[in-house]
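Dear colleague,

Please find the structure below, with the sequence beside it. My notes on what was found follow directly after it.

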Amino acid sequence: MISELFTAQVLLGILTSGIRLATPYLYAGIGETFGQRSGVLNLGVEGQMLVGAFAAFYVARKTGNLWLGVLAALLVGALMGLAMAFISITLRAKQGISGIGFFLFGLGLSDLLFQTLLGSVQTVSGFRPLAIPLLSKIPVLGEVFFNQNLLVYGAYLLVPIAAFVMDKTTFGLKVRAVGENPEAADSLGVNVSLVRYITVTLGGMLSGLAGASLSIALLNVFQQNLTSGLGFIAVALVYFGGWRPWGVLAGALLFSMVNALQLWVQVLGLPIPSEFAVMMPYVLTIVALVVAVQRVRPPTALTKPFIREG
Amino acid sequence: MKQRLIEFWNSPVIDALLPVLATLAALLVGALMLLALGANPLVAYGALLDGAFGSLNSIADTLVRATPLLFVGVGICIAFRGGVTNIGGEGQLVVGALCATMVGLTFPDGPALVVVPLALLAGFLGGAVWGGIPGLLKAHFNVNEILSTVMMNQIAVQGMNFLLIGPLIDPVQLERASRIPQTARISAAFDLPRLAPTRLHLGTFLAIVMAVLVYILLWRTTLGYRIRAVGLNREAARYAGINVPRHIALSLALSGAMAGLAGAVQIFGVNFRMFTDGSATGFTGSAGFHGIVAALFGQLHPLGTIPASFFFGGLLVGANRLQRAVQVPAALIVTLNGLVVVFVVGTELWRQQRARRRVVERPSEHDEPSLTAIPPTAASLEGKA
């Protein structure tokens, strides 16, 4: 039975869907990485994703234009990020709890709008796979890596860009400084609050986009609680990835591959109860958190509001 | 007179009203949303109030709905006072309910006076284990408990689905081949006593008793002192010789135990069997999350959580009436609950500033005990204990 799992075709299927499924984790996780590196824990990712997913789906369905849907998701994500920034930076609220508030808000709002504006589960024809010329013709690998849709490519492009911005640019340096030692950054003339506002709002936009990638690129539907915990996992992946974009990529891939494997276990009807297969990624995440936490240290100022002395 | 007014405005009384103001602000936002959806906010909120408190039956329903919120909320208070955040109420509630159901189904002919307390204890312990695992991970491996409790929720849901489709499924469902994922009904002899003709059951009183007990635990026992000392300042607590990891794990385990008890009481007082729609919400009604809202609203104090739970239970019950009256989905209330949380934590800074101002403005003028006094250090607490 187990050997059935390891035919070339199945492995390829797992790889292809694993690459696809990592998309929302990448967008949300990288956005969250910027927020946390600057010292703000945004636990509202799940809520931002839900609202973003709905906005993208609704706009795309009404206008028939997928890019307008993406734009809508970015916009509502930015608004929710801005609200989170205001609450946690200007009002210095406890971040874990305010995040839960935003999660409930997003969960309720997306459900409310879904029921009033759509009424039933509908589908949309989302982003189609776009074969990259030449590269997609590479045997085996071409199909896996270069015949995905645009939002998937975008997520993978974001990783090196985010790593570059974080490690090689002045802005990235400011983000890291503000997250490690806000007092020192402040004394050197860095506007701590502004930097944090930017990262948290950016995080909101990327969470919105993560939601859009689900509703108009991967699943092409919207329903109540579409994300079902995905946003919380994205936050966990930031810890797992040691607060680095490449680390988040590794975590997202590991997680989505296990998820894809789990789907195939069900498709092939292997004698493992599907519930245990679904459970696997979460158990893995807890184990990964245990391992990851011993390896790297979180940003020193994470969850600590900055109060300027004097 | 003016002086009096200013003094009143600066007094802690206004602080206690802050959550109420936060709720009013959330309701105001809700009114705008209702207007945007083409519904009359007055009619909608009128229906909500009527649905929640309009008759003896609706008041009883409100109390029943408030019961799991109160259990979970009291648990949240313990965790918070111990300096940890428990987002795992949903999973702990599910595990507690499963454990209690199993006890009820294992001894169908036992005396109720033995089986029911045993089942509640099983729920308590099940929740304690489910909260204790993230607690131990936090205490010994410094794993962020917010994330691990969220993962534990998902694991609990899958475990529940597996058990209810498989080993625990109602034999009747197997015979009929309808295979609805639910257990058999527990023996009717085990149902918690009810205040007929309403649905109000003994569990509500049990929840209130637990809230009082937890208050005594936290403020009148050595264990409670230690938990709060660890919550106030881990370093100081460690310096005072308190075993910090143990008390971190313990506060999460106790917090989980309360949620587990909520699940057990749901089974024996409301549902009489365990069922699932595939998600946690199907069984819990998101009590694990709404309990956090209630605890925050009650200023993270077990006694304050009692009225807060009744208030939010009322909102949730009234939401259904609102939905029927103005055709706006009950999900509106979940949205507003989220806003209440955001507003309550958003006004925390203001409260701190007011507290500081009081200390500055009235430097030991009176000898009255001040709410704003600097909290005792762990060392002095230990000395007393």
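In this predicted model, the buried residues of helix H10 of chain A are Leu230(A), Gly231(A), Phe232(A), Ile233(A), Ala234(A), Val235(A), Ala236(A), Leu237(A), Val238(A), Tyr239(A) and Phe240(A). A residue is called buried here if 20 or more other C-beta atoms lie within 10 Å of its own.

After H10(A) comes Gly242(A), which has a positive phi, near 60°.

Helix H11 of chain A runs over residues 245-268. Its 24 residues, at 1.5 Å a residue, should span 34 Å, and the C-alpha atoms at its ends are 34 Å apart, so expectation and model agree. Just after H11(A), Gly269(A) adopts a positive phi of about 65°.

I turn now to the contact between the chains. It takes 39 residues from chain A and 36 residues from chain B. On the side of chain B that touches chain A, at least two residues each come from H6 (112-141), H7 (145-165), H14 (287-297), H16 (331-346) and H17 (348-361) of chain B. H16(B) provides the largest share of that side, eleven residues. By type, the residues of this side of chain B comprise 23 nonpolar, twelve polar and one charged.

Yours sincerely

Conventions
Residues numbered from 1 in each chain as written. Chains lettered and ligands numbered in written order. Predicted model: local features only at pLDDT ≥ 70, side-chain atom pairs only at ≥ 80, totals over all residues. Contact = placed C-beta atoms within 7 Å. Helix = DSSP H or I, 4+ residues; strand = E, 2+ residues; numbered from the N terminus. Nonpolar A, V, L, I, M, F, W, Y, C, P; charged D, E, K, R; others polar. Expected span 1.5 Å × (residues − 1). Buried ≥ 20, exposed ≤ 12 C-beta atoms within 10 Å, placed from the backbone.
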